[in-house]
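Here is a short note to read alongside the model. Keep the structure open and follow the points in order.

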Amino acid sequence: MNYLRQKLKKWFGFDDFRPGQFEVLSSLSQGENTFGMLPTGTGKTLIYQFFGRMINQPVVIISPLISLMQDQVDRMRYLGSKKTVAITSGLNFVEKKRILNNLNKYNYIYISPEMISQLDVLKYFNKLDIGLFVIDEAHCIIQWGTDFRPEYLNLHRIIQSLNNPQVLMLTATASKTVRSEIVHKLGLHNVKYIVKSTNRSNIMLSVKYCDDTNDKNNKLLSLVNKLCSPGIIYFSSKKMANMATIFLRQKANLKVEAYHSDLNNENRYRIQHQFMNDQIDVICATSAFGMGIDKSNIRYVIHYHMPSNIESYVQEMGRAGRDMKESISVILYQKNDEMLQYNLLMDNIPDDDDIISFYYRNYKKNHNDDEQTKLLKYYYDNDYSEEEVINIFQARRLDQKNSLSEMLSYVLNNDCRRKKILSHFDEKFSAHNEYCCDGDHTKLNLYAANLIRSNIKTNNKHNYDWNSIINSLFNKMH
Amino acid sequence: MNKKLLLLMLSNKQPRRLKLIKNLLDGKRTVSTLFWGSRYHILEYSGMMKNFDSLQNEDKLINELINNGYVFSYNKYQYKLTNKGKQKKDSLFESFYLPKELSYGFDYDIEKFKNRFLLLIQVTSEYSYHNSSYYPVQADFYDTNLIKNLFHKYKNDNFIDDIYSFIKSFLSSLDEDRANIFANLLIGHNNYGLTYEQLSNRYNYSKMEIYFINIDLWILMIKFIENSNSFLNYLLENVVQSRINASARRTFYEFNNGLNIFTIAKKYNLKESTVKEHLLENAIFLDTEQFPYDMILSDNEVAILNKKYQNQPIDFWNFNKLDVANIDFFKFRLYQIMRSK
């Protein structure tokens with residue numbers, strides 16, 4: 001412990017590990033394939049960054065977040081690991097070639113399952129003496145593997161073809177069953193599990209039931225007016241996120257910005273960093289569009305639309321309170337909200353007719369390159385029969401429906417909400433109180449938790465005059 | 001997309017095709033788009049909307065303009081401004097911000113330049129605070145290296161002061177509003193600038209106008225660098241490009257060196273029709289004396305065409321009714337371009 005702790009201080013400046021970090025590192029040091037299930041916000045990146053430095057061999061990180069990979073790289077560089085790179089589809093041919101030819105010069109290599117599945121990419125990794133093969137957000141293998149990112153299912157073969165390097169799986173959200181499914185799908189044996197509670201005890205849980213949209217908007221407004229900023233509000237659609245942004249700007253005396261895939265890179269950067277630097281109070285985001293930065297003082301996460309499964313919910317609300325101070329997560333629920341999620345889910349899964357017509361037409365004649373065609377093409381190319389594919393997606397629909405039902409049962413549950421959520425991850429909980437949740441007829445003690453805004457402060461630090469802007473940019477204020 | 005921009009692209013004298021305006025603004029580069037773009041005198045706006053919303057709802061917009069009494073439909077595809085529409089257009093010229101710095105002959109890769117410039121300013125700004133730990137703005141691999149090299153080469157020679165005074169003198173050359181907008185685009189130490197939307201709320205322009213102001217500001221900066229002889233000229237690599245695409249330029253070069261259309265097609269494995277399109281593209285963008293019309297159109301052919309189209313406005317010429325042997329559509333269009341000059 002002392003050795004690792006000394007290095008922690010020396011390399012990262014921290015006095016102590018966060019829960020689970022030390023155990024995972026010890027297991028890795030003993031050469032074990034390791035499954036780290038650590039709650040959101042506990043610094044999973046630090047684990048492989050630390051280990052990579054210890055063994056002084058390249059670390060390959062399979063990351064699902066294609067749009068965020070560059071952010072992850074920037075973050076690693078920001079944290080001092082300058083020899084980090086992401087191999088993404090955003091690179092052009094020459095750039096990609098150059099990176100692949102110099103792969104051994106990098107300490108940390110981020111790559112998506114789709115990219116490493118390409119044989120002409122994989123062959124470069126074969127030549128590498130990989131020290132650790134990390135699967136970040138490992139629950140994606142199960143959550144997305146069938147109907148969204150089937151290339152996740154290739155990882156088994158890839159690990160074998162790379163000569164079975166040591167593997168680290170990391171996630172914050174996997175039940176016991178999901179954990180063993182992940183390990184099974186990766187074809188691993190003798191895995192050491194480090195499992196910490198999913199519970200984020202500093203995040204209060206709340207569900208507010210709304211009569212109609214009007215009531216929902218009023219409740220939303222009253223929450224953002226009442227709670228300490230900054231906060232994030234999640235929506236299922238960009239349109240709703242935009243509408244709420246305008247609504248809140250008009251009605252609340254706060255700085256509100258929308259954040260979703262319509263933003264170009266430049267504006268995404270500006271908004272992320274304005275938010276990071278407390279120049280924005282509220283972000284109206286879609287859950288599909290990730291955030292590449294880690295902001296520690298988010299005081300609330302509100303779900304305007306309920307998430308489609310408990311795992312997503314835990315991930316999204318887990319953005320709150322990373323500084324370990326009291327925070328709150330609120331779901332606004334209006335009757336039949338689950339139908340919206342249901343339709344979104346079903347739209348994304350090919351139905352029997354789609355599959356039959358795809359196989360009938362023979363995809364080679366099909367020049368349509370939409371997501372669904374690409375998905376079915378994967379199964380076709382890997383010699384799945386039509387019947388098998390139909391079965392896979394029928395099972396998938398059922399799974400998704402069950403997950404949504406479970407989420408709904410959380411929302412409609414009137415007992416302790418934390419107990420309910422933790423039971424999903426096979427954990428028990430009995431310490432319910434006024435800082436836990438608003439289930440079981442409890443009134444949350446927001447005042448004592450310092451979540452009530454005392455005075456309305458406007459964060460108008462921004463300077464608009466060009467002279468002072470450039471003086472401040474180039475340190476000429478004196 | 002907005003109605004104002006569409007209205008500004010229409011005319012009360014000349015019927016214009018809606019689809020063509022859309023394609024031109026989106027940056028489609030067929031000869032037909034370029035030719036009619038030049039006939040409509042909006043060629044400099046070619047590709048202007050590439051990095052903003054395209055005109056997706058053009059049918060709806062044109063119907064609204066018709067309902068407002070600004071536009072009438074000339075035929076199934078073409079539209080003209082009414083008198084009321086013309087008056088509206090004149091007043092919009094005063095109030096709506098359209099880019100002023102775009103060029104007929106050059107295309108500016110503003111996105112590329114902007115990415116480089118923003119990164120350079122950020123690097124310089126953080127350097128002035130002795131901070132090396134920050135999130136760089138995103139630029140591609142090549143541009144990142146370009147800025148890195150520039151920085152390492154010059155960082156010791158008054159780098160910060162040079163850039164500071166360069167920007168200061170650029171901003172002093174602008175009106176106050178645009179200087180403020182430009183400064184608010186810059187990213188650096190503890191300063192993340194403003195998004196188009198934030199600028200739009202602050203300065204009372206629509207988001208689209210902010211985008212247009214941006215176009216002008218970046219082009220002005222490019223020109224400022226071009227005239228400066230400073231090391232910042234490194235930033236301009238591949239930023240200012242001829243509007244004529246590279247293979248069309250090559251065709252033109254070969255043609256001027258005596259190769260005929262057939263030989264050029266063979267040499268570069270192209271269709272003859274492609275070679276002809278290359279030549280037309282050159283003709284559209286070049287001045288009359290720069291293009292050898294007489295190498296394609298004989299005196300006799302010109303005389304025939306002169307006679308045929310003596311009293312007809314160019315926009316109304318109809319190739320199908322020409323019916324003269326040896327004059328194909330290529331020659332017809334080339335003659336049309338020549339007469340347009």
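**Notes on a predicted model**

1. Start with the contacts. In chain A, 74% of the contacts with a separation of 6 or more join residues 24 or more positions apart. Remember that this model is predicted.

2. Now the overall form of chain A. A compact globule of 478 residues would have a radius of gyration near 23 Å. Chain A has 23 Å, which agrees. Its C-alpha atoms fill a box of roughly 60 × 60 × 50 Å along the principal axes. Buried residues make up 39% of the chain.

3. Count the elements. Chain A has 20 helices and 13 strands.

4. Look for a cis peptide bond. It runs from A:S229 to A:P230, with omega near -5 degrees. A:P230 sits in the loop between α11 (213–226) and β9 (231–235). Most peptide bonds are trans.

5. Turn to chain B. UniProt, in an unreviewed entry, places "domain: Helicase Helix-turn-helix" at residues 248–335. That stretch of chain B is 53% helix and 0% strand. Its end C-alpha atoms are 19 Å apart.

6. Check two backbone angles. Most residues other than glycine have a negative phi. B:H130 has a positive phi, near 55 degrees. B:H130 lies in the loop between α6 (110–128) and α7 (141–154) of chain B. Phi of B:N204 is also positive, near 65 degrees. B:N204 lies in the loop between α10 (196–203) and α11 (207–226) of chain B.

7. Is B:H130 buried or exposed? B:H130 counts as exposed because it has 8 other C-beta atoms within 10 Å, and the cut-off for exposed is 12 or fewer. B:N204 has 9 within 10 Å, so B:N204 is exposed too.

Methods. Residues are numbered from 1 along each chain as its sequence is written. Chains are lettered from A and ligands numbered from 1 in the order in which they are written. This is a predicted model: local features need pLDDT of at least 70, side-chain atom pairs count only at pLDDT 80 or more; totals for chains, interfaces and linings use all residues. Helices (H or I, at least four residues) and strands (E, at least two) are DSSP runs, numbered from the N terminus. The radius of gyration is taken over C-alpha atoms; the globule rule is 2.2 Å times the number of residues to the power 0.38. A residue is buried if 20 or more other C-beta atoms lie within 10 Å of its own, exposed if 12 or fewer, and partly exposed in between; C-beta atoms are placed from the backbone. Two residues are in contact if their C-beta atoms, placed from the backbone, lie within 7 Å. UniProt positions are given in the numbering used here, feature names are shortened, and annotations may be inferred rather than shown by experiment.
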